[in-house]
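This briefing is for a reader who has the sequence and coordinates open. It goes through confidence, chain contact, helix packing, domains and backbone geometry in turn.

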Number of protein chains: 2
Amino acid sequence: MRIALDAMGGDDAPEQIVAGAIEAIEHLSSDDELILVGPEETVEAHLPPAGSRRGKISVFHAPDVIGMDAAPIESLRKKPKSSIAVLAKLAKRGQVDAVISAGNTGACVAAFQMRMRNLPGVVRPGIAVVFPTPDGPVTICDVGANIACKPIHLYQYGAMASVYSKNLLGIENPRVGLMSIGSEDAKGNELVKKALEMMKSDSNMNFVGNVEGKDIFSGACEVVITEGFVGNVILKLTESLVDGLFRAIRDELMEEKLQLAMEFKPVMKRIYTKYDYSEYGGALLLGVNGTAVICHGSSQSKMIKNAILASKRFDTKKINDRIVEYLSGTSAGTTDE
Amino acid sequence: MRIALDAMGGDDAPEQIVAGAIEAIEHLSSDDELILVGPEETVEAHLPPAGSRRGKISVFHAPDVIGMDAAPIESLRKKPKSSIAVLAKLAKRGQVDAVISAGNTGACVAAFQMRMRNLPGVVRPGIAVVFPTPDGPVTICDVGANIACKPIHLYQYGAMASVYSKNLLGIENPRVGLMSIGSEDAKGNELVKKALEMMKSDSNMNFVGNVEGKDIFSGACEVVITEGFVGNVILKLTESLVDGLFRAIRDELMEEKLQLAMEFKPVMKRIYTKYDYSEYGGALLLGVNGTAVICHGSSQSKMIKNAILASKRFDTKKINDRIVEYLSGTSAGTTDE
């Protein structure tokens, strides 16, 4: 399998990206290849000399870089030789089987969507992330690819995330919840009400109806569907709240007794490990014709390594084939409402 | 001041509501009155005998009750003698100065809005809650009153929540952020983009532009504006995540060492006290012509007591007069877009 990495994407690129690629090598099989996409000289400078540990890593030259906060569409137009644009082109031409970037999310979504095209039957791709919760992994889709959502998009996110949850996370019959402001059918805006009807009409989906903000971590379902704006707020709020709470606890412990803070450290570490979302290796752009993983801008080598392994699992488990199969076998949501 | 309470609203009504009223008495002045609205016999049965501690508490008969999960509009139509409907009527007739309920939120919003009408210049009321954060209280509006938001509504939420933050919480020049999916002006959906322009055009507002989910607890601003669907998800997610994390820590500590869990208890309690949102006494329905406080369904007596005191502060500080003053002095958002 040929996996292309955006060597220049992320706050700590190219160091952490290259390091992640090197860490991944020992977990790959003999016919796997990693292609680092970025300015050749810069990337080469971060690689060990050829012949040593670098093994199956090659560099594909892309001279430009799109900034983390740059306007996505405009930068892609201005920089057709940026690492993100080149990644997308390589995927389009079938020169690579998977693309991974921790760079500008908007640019990744736009480039991958435009070049890779959608899977047959898919109307709009969506980004799925996995939240580790006390009751197991919960997949949330969409977290920011699509902020002009239609009911059919939400329905298909439910279908795609179900397939993902079942075949990649191994959850037998994942329960799908639709994010709303109350659990009753009548609660929610027009978008949610229409999507609810579509989801209810699909007998293959284990749909549990509307869920609320409190249900993501309550064990109410294994898949949460929402439009990209809400999903993005959920993602960023959750990350910051968890970090903030741990900081508050640490500060309070330090004031109480230094000894207590020390004793608390391994406990905190264990919780971190238990709920470490980097284990899931970034977010999948579900619905594109290929394998596309988008990582957090702050990704370190471990996350990149896990993203590489996640892209391999995604490919091996033929998630895309199963999505196409699922969508072709349902009559729900076949009209574009 | 005459403050009316929904004696039957909330998971632990009437016990906790009556208890909250009794706790509040000693903090009120000689010309304050508390009116418990609900089925006379039921409420009386929970009050101490007349002449003893009950002081300035009276009961106003309302035979019906709207269930916590009932359909708001339908129940109000079917039960014109429910405690929520009667509360709203008392406010409308000027028989009370403030209304407080921990009952069905949708029914409260609908009844209060319909009967009390809007303040001059206000297009749509919104619910404001205060989140305690490490950097001080952050006011979020709207958290669920309005899920069909227009740009003018968001703009006015910014104005009203600013007035509230300044005059009630004592924050000198509160910074207002607009919830979006990136901090740049170009980020967000159409609603957010239009509201951003309106907010930017108001030189009286200390507007800091778009903020993200991670900024609620980052000290980026003291006021966060968002439409009711997103605000509701934020509110419920935050509550459940904080509770869930504390539970996870406690469980982990118990496994590590019971002694450690015991030592951790006072630290946890201190954090709870520091970030106790019940201190702020529920959510204000900003924009109605009167004082309306909506409390969490799980409210206990302390929250009800604080809601009574909050309604008094809201009235004493003449927040509504200041909102009308603010809106009449601005040219931003005068057209209903």
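The points below describe a predicted model, grouped by topic.

**Confidence**
- The model has an ipTM of 0.93 and a pTM of 0.94.
- For chain A the mean pLDDT is 92, and 97% of the residues of chain A reach 70 or more.

**Contact between chains A and B**
- Chain A contributes 42 residues to the contact, and chain B contributes 42 residues.
- On the side of chain B that touches chain A, α8 (228-256) and α9 (258-274) of chain B each supply at least two residues.
- α8(B) gives the largest share of that side, with 20 residues.
- Sorted by class, the side of chain B that touches chain A holds 24 nonpolar, eight polar and 10 charged residues.

**Packing of α1 and α10 in chain B**
- Two packed helices are described by the angle between their axes and the distance between the axes.
- For helix α1 (residues 15-25) and helix α10 (residues 301-316) of chain B, the axes come within 7 Å and the crossing angle is roughly 50 degrees.
- α1(B) and α10(B) are therefore oblique to each other.
- The crossing of α1(B) past α10(B) is right-handed.
- From α1(B), the contact is made by B:Q16, B:I17, B:A19, B:G20, B:A21, B:E23 and B:A24.
- From α10(B), the residues in the contact are B:S301, B:M303, B:I304, B:K305, B:I308 and B:L309.
- By class, the contact of α1(B) with α10(B) comprises eight nonpolar, three polar and two charged residues.

**Domains of chain A**
- Chain A is split into domain 1, covering 1-116, and domain 2, covering 118-284 + 318-337.
- The C-alpha centres of domain 1 and domain 2 of chain A are 27 Å apart.

**Backbone geometry to check**
- In chain A, the peptide bond joining A:A13 and A:P14 is cis, with omega about 0 degrees.
- A:P14 sits in the loop between β1 (2-6) and α1 (15-25) of chain A.
- In chain B, a cis peptide bond links B:C141 to B:D142, with omega about 5 degrees.
- B:D142 belongs to the loop between β6 (136-141) and α6 (151-167) of chain B.
- A:R117 is a residue other than glycine with a positive phi, near 65 degrees.
- The loop that holds A:R117 runs between α5 (105-116) and β5 (126-133) of chain A.

Technical notes. Residues numbered from 1 in each chain as written. Chains lettered and ligands numbered in written order. Predicted model: local features only at pLDDT ≥ 70, side-chain atom pairs only at ≥ 80, totals over all residues. Contact = placed C-beta atoms within 7 Å. Helix = DSSP H or I, 4+ residues; strand = E, 2+ residues; numbered from the N terminus. Nonpolar A, V, L, I, M, F, W, Y, C, P; charged D, E, K, R; others polar. Axes fitted to C-alpha atoms, helices over the stretch in contact; angles between N-to-C directions. Parallel < 35°, antiparallel > 145°, perpendicular 65-115°, else oblique. Left-handed = near helix turned anticlockwise from the far one by under 90°. Domains from an automatic or database assignment. pLDDT = per-residue confidence, 0-100.
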